[in-house]
Amino acid sequence: MQGFHLVRSTDATIDAADTFIPMSGTTTVNGVTYNTATVTFGDGNYFTFAAYVHAPGGVLSSLWYRADKGVAPATGAVTTWTDYSAGKVPVIPTLSSSTSAPTSVTGTGLNLNFNPGVTFVSANALGNSSVLNSLSGANYTVYTSTTPVTGNNWDRIMGLNYSNLTGGNSYDSPGLGADNVIVRTNTAAAPLFSTVATGYRYNQLTNTTIVRNSFTNTLFTRAFNGAVPGGNITYSSITTGPDGGIILGRNANAGGDDDGAGMTMSETIVFDGTLSANDVNKVDSYLAIKGGITLNTANTPNYLSSSSTNVWNGSVNTGYNNNIFGIAYDYVSDLHQKQSKSINDGQKLIIGAGGALANTNALNTNTLTDGQFLMVGDNGLKQSLTIPISGITGVNYRFESIWKTQNTGSVGTVRVTWPAGLTSLRLIQSADAVIDNTDTVTDMSLNIQTVNGVTYNYAEVTLANGQYFTFAAFGHAPGGVINGLSQWYRADIDAANTGNSTDVTSWKDYFAGTVSAQIAGKALPKYKVGDVTSFNYNPGVSFTAITQTLGNNTTQTITNTSNDVFTLTKSGITSPSSPNPHFFSITANNATTDASSWDYLGFLPSTVIERRPVGGGTQLPGSGLDYSATIPSIMYNTFTNTTLARGLNGAANVGTVNTGAMGLALGGHVFGDTRWTGNTSDNGGIIGDIGETIIYGGGNITPAERRKVDTYLAIKYGITLGRVATDHYIATEGSTVWSGALNTTYNNNVFGVAKDNIEAFDQKVSKSVNAGTILTVATTNNFVLPNLDASRSAFTNDVTYFLLGDNNITTTPLANLTVSSALYRRIARTWLSQRTNTPGGLYFESNLVAYTGIGTTLGKTVFMLIADDPAFTTNVKVVSGTSTGSGKWVFNNSFDTDNTARYITFAEGDALTACYKPGAVASVGNPALISKVGISSLDRAGAAGDNWPAVRTGAWLVLEAKTKGFVPNRLAFSAGNPVGIAPANFVEGMLVYDITNKCMKMYTSQDGGTTYGWYCLTTQTCPD
């Protein structure tokens, strides 16, 4: 015993005034080691013994089994678990040949708040059959803290025994089962033998839970997590309490007849007598702080230390009594929680004392001092980027959730962590609940730590008493629509793979970081690199067999029965021999695995949407709208609790369909097949490609917000939106980037290139997915490589768009057109371009193979004509093209200094000839100008009598060779600049050959010297 003393007194009143003599000596008698003290007793002295005893919440217990103390070994099959109360009663697995040892575990992944546990299955048990005399009568309390329990009826959690009872009567005094409870007397009679009321059963727990079982001589009650007790059962009076042993798990000792329950046990505590309300509060608080468990603050508003100090005041912290957790050191309880998180679903925040966190609380080497508590709770709102914030560099949104702190005992520096994945993550600390740019901001983005395989960003700060804090970051969202967004899966980001046609081993959503991965060893879909025929040069996740699956069955998908889901799928999805084919499903919950769980929401590759209400039968309503059979489909699905509707590729929703009330799903989501061993699902997968899935699980978005999301998806995937004449293409910040009202004739085959940072959107090459389109636009002179290829350059400025739509005239005869007295023969197809910001030089590939003979006549070539009007009469620009064979021509032009709306077509005309002018030869009054600089491959430069190159008059530079060409510097270009030359060294007039875009480039200005850049020399002309 810790601090074991002999206490000598002159009277029978034992108190601090008496003599305390340490029992520090030891001696062994018959193999037993004893503590000793040498003492002289006076005649009539009294004596007793005293020691320091830890107690849960400072409340003395009879038995106290806690998985972080007294378990041997620390991991593996348990040989001994020693009670942590004064009696030190061990329980062992060998009391019966029909039971086996449970397993001690670190607790990782089990919602035990970094603390260990002891995991039981049906055959496992630990027990002690001695006469323990742990209870003095029929009034007592049994606490347990366990993970959710599996089992039924009498499958045992724990039991106490009368020493005289054996067989089927043993360890039933009480016996706590998965469904039932029993209490016997010392005569084996069972005044209490009952099923516990619904809502108060062990096998109905959904998370690690503090269960308080209270017994009096006539009443049983049960309370969860500090709530008001319920499940009351009265019985005839019992006058005695069990004097025998204890069993945890299967009741097979002494001939018992109950299997064990499945669970991981953190603590089991037995208290003799009736606990006061204050004692109950302290024990609940101890278990809650240790376990990261939020107490029922309506009934237990305050968290108390062992000394009854209020370390979380529910009244003072009104509005923040959600997801309460904290770090603490309470010596009396032997509670040293050095790192902590709320174990409630979806909670990600971890706070630890001092510096680095560890995988377990035991491995954390930081310390607190006795009496220090740092508790936090939040306002219960969304822990995601939903609230715009300005004035803080690098961020644009903050969390709606705000946390409040209560700091007792002056806890100093702590490490505050949040899972990595948010861009430019910041911690904001405030003295009040108003969060703005005047508050203290700490950058977390550069600090990284991994805990149990999860990478976190962190900040090391002091959280003062009463302080508020939250997080901010640069929020990426499709269309900039962040409100209600829960998941955003996009194949071009975080679809883990090793190359084209390899397995997609995981797919992380780009908004919240939810990871969908392999489930139950199922086959995985493949990664498909983007090209012109696949998602407009963007990649996809390709399901090549109906048995392939990716999913997440741990994170809740939706938080509102009203929600919206966008899917982007390629045409041609099939499902050969697939039963009830689904390509995406949301599950009812993450705890059950029967067929009903997988059917809450299921998208079939047809008009049908499966909807199965929580706890109800399946519904298969027809939406009235199918996916496109010819082009990729942007399918917008909007749901309420009792309705659904669909809209395809930006068109209006079809008629609303009524369904039965759904209830709120608590489960995750699955792509593809949901059938695997043990889950009884009957939904097969599909064969086809998915580009994106966007889930607004927090609520329905507005029509204007839908248009922004549709705009993002349409431009990215080359899809023309419906209703474009009235509902324009809208960028993230609200600007119109394609006005369908500008000229409705050109609202066909809309496509383009773009950059929008909030969406992390860089479309660098694009072509309409519609059949018969002939124009492709790109930022570099390449029309084959994927959009993600590193050689492609993105636009420099945010919110930059260059979009085109055509008049959809496909007839092929050419028509005459005169421009500046030059005659051209043009095609009938015309495009309208609409520019936002300054894209810089763009490349266009026009496939003119359908226009027989265009550009093939000797002395003729093909030009791109650009004008302010569709008749090509105003501000006409003529750009010469380069033939690449097979009827394809490539053009390069910058529209930056043009009007924002320009019309484009293609025409055949006379090939331009080079401008030749004589050198500046001598004339009257103008002597010959000698040429002072020359480059020669001949061996005569400077030779006497030759006077070369001065003899070549009228030139700035003389080049001379017989068999060699002049080759300027050849450099690759990236992001619009030559690789290897620092921008500081750019000089106006500098010439290089761009081997990336295959043209001679000059560093010059096109706006009179305001801005400079590298431009291709594409038109032969004379300076006048």
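Everything shown here comes from a predicted model.

**View 1. The disulfide between Cys999 and Cys1016.** The two sulfur atoms sit 1.9 Å apart, and a search through the whole structure turns up one disulfide. Cys999 belongs to strand 78 and Cys1016 to strand 79, so the link ties together parts that lie 17 residues apart in sequence.

**View 2. The hairpin of strand 77 and strand 78.** Strand 77 (residues 991-994) and strand 78 (residues 999-1004) run antiparallel, joined by four bridges. Asp994 faces Cys999 of strand 78 across the pair.

**View 3. Strand 78 meets strand 79.** Here the pairing is antiparallel again, with four bridges between strand 78 and strand 79 (residues 1013-1016). Look for Thr1004, which stands opposite Gly1013 of strand 79.

**View 4. The largest nonpolar core.** This core has 73 residues, and the members touching the most others are Ile351, Phe471 and Tyr729. Helix 2 (residues 703-717) supplies its largest share, six residues.

**View 5. A second, separate core.** This one counts 41 residues, among them Tyr65, Leu135, Ala178 and Tyr235.

Key: Residues numbered from 1 in each chain as written. Predicted model: local features only at pLDDT ≥ 70, side-chain atom pairs only at ≥ 80, totals over all residues. Heavy atoms only, no water. Pairing = 2+ DSSP bridges. Helix = DSSP H or I, 4+ residues; strand = E, 2+ residues; numbered from the N terminus. Core = buried A, V, L, I, M, F, W, Y, C linked by side-chain atoms within 4.5 Å. Buried < 20%, exposed > 50% of the residue type's maximum accessible area, 1.4 Å probe, protein only. Disulfide = S-S within 2.5 Å.
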